[in-house]
Amino acid sequence: MPRAGTQAWEFLKEGDVISVIAPSSPIDNPQERYAKIRAYFARTPFKVHIPDDLIEPTVPLDEANTIAKRASFVHEAFASDAKAIWAIGGGGWGASMLRALMRYPRPHKVKPILGYSDVTALHLYANAYLGIPSIHSVVLGINGDISPGWNHNGIDTALALLSGATPVVRYRFRPLNATARHKTAASARIVGGNSLLVSALNGAPGLTLDSRNAFVFLESVADDPGRFSRKLMGLTYSALIRDCAGVIFGDVIAQGGKENPPAIQEQFDDIVQRFADQFAADKIVLKADNLFGHGPVNLPLPLNTAASFHRDGPIVTGSIWANRQA
């Protein structure tokens, strides 16, 4: 297994290409979205490559394309001259192509994969299997710039990370337990993503995250409190949580793009707080309020890169480098 956090990618410069992939579900009106994506990037220093046959929905599962073609697009993006690989959408089915993708030779070029939700399957491929960084961010075809979706923020903050215009992002976290409140500083990587994918692939050879000296980031959607609790407990009893330095919770949302009803929110809050106090009392457990996930705001979070955390009174500030070796 590659040692995590030992490689870095080149910051994008003018004229560099971003390859667009569709690893999961199809998006609505793909040709219209392609045109909007191309128009957006025509106003930037960068170019995009969108394969003509990227989205050819399957029946009856309604995948973006066949397993073989979805895997081949990711492989071809790594083999191309593109400097970054950005998912056009999430949804489902990303994990089904991982075996086909892992049959290809390991790519020689380090390129960040961007996306969130079901794109977590590819974050696990990048971080665990290849040992390279990636960026948890808005998807390219459904965001505040291209087409209305759950995330209202646009592409620009992720582009600033890719280009090095913003080489480090700083976010404020709320400490959830005594360990987090008493620890003044910590340095660690961040790994993780959508809790369903992290949970489903935990233990899979080559795709299980190395959480040593790392914070495990988890966000969730389409869960009722019972399902979310069962997934979290499964992770709690595994090496992923046992060996980690801490846990960062993003948004936990019952229905994407909608605010949780008060009774559901109370249950989610209680599950997370109980985890922090009783099941991970020796870990630094933090909450990112309205920063990452399936809510209106989904800011870019570098994964498998260097990060540091400093407590200043009741708030913990995390500094996460876009492209610094951990």
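Mentor: On a 1 Å grid over the protein atoms alone, a pocket is an open set of points with protein on both sides within 12 Å along at least five of seven lines, a cavity is a set of points where a 1.4 Å probe fits but cannot get out, and lining residues have an atom within 4 Å of a point. The model is predicted, so local features need pLDDT of at least 70 and side-chain atom pairs count only at pLDDT 80 or more, while totals for chains, interfaces and linings use all residues. Residues are numbered from 1 along each chain as its sequence is written, and side-chain values use heavy atoms, with hydrogens and water left out.

Trainee: What makes a residue part of the lining of the largest pocket, and which lie nearest its centre?

Mentor: A residue is counted because one of its atoms meets the lining cut-off. The largest pocket has 26 such residues, with Gly90, Gly91, Ser117, Trp150 and His294 nearest its centre. Helix 7 (195–201) and helix 8 (225–236) are the elements that each give two or more residues to this lining; helices here are DSSP runs (H or I, at least four residues), strands are runs of E with at least two, and both are numbered from the N terminus.

Trainee: What does the volume of about 570 Å³ for the largest pocket stand for?

Mentor: It is the space filled by probe spheres set on the grid points, which are joined across faces, edges and corners. For the second largest pocket, the volume is about 430 Å³.

Trainee: Which residues lie closest to the centre of the second largest pocket?

Mentor: They are Asp251, Val252, Gln265, Lys287 and Asn290, out of 21 lining residues. Helix 10 supplies the largest share of that lining, five residues.

Trainee: How many cavities of 30 Å³ or more does the structure hold?

Mentor: There are two. The largest cavity has a volume of about 50 Å³, and strand 13 gives the most to its lining, with three residues. The second largest cavity has a volume of about 40 Å³. Each is called a cavity because the probe fits there but cannot get out.

Trainee: Why does the lining of the second largest cavity have no charged residues?

Mentor: Its lining consists of Leu124, Val198, Leu201, Asn202, Leu207, Thr208, Leu209 and Leu240. Asp, Glu, Lys and Arg count as charged, Ala, Val, Leu, Ile, Met, Phe, Trp, Tyr, Cys and Pro as nonpolar, and the others, Gly among them, as polar. The lining therefore divides into six nonpolar, two polar and no charged residues.
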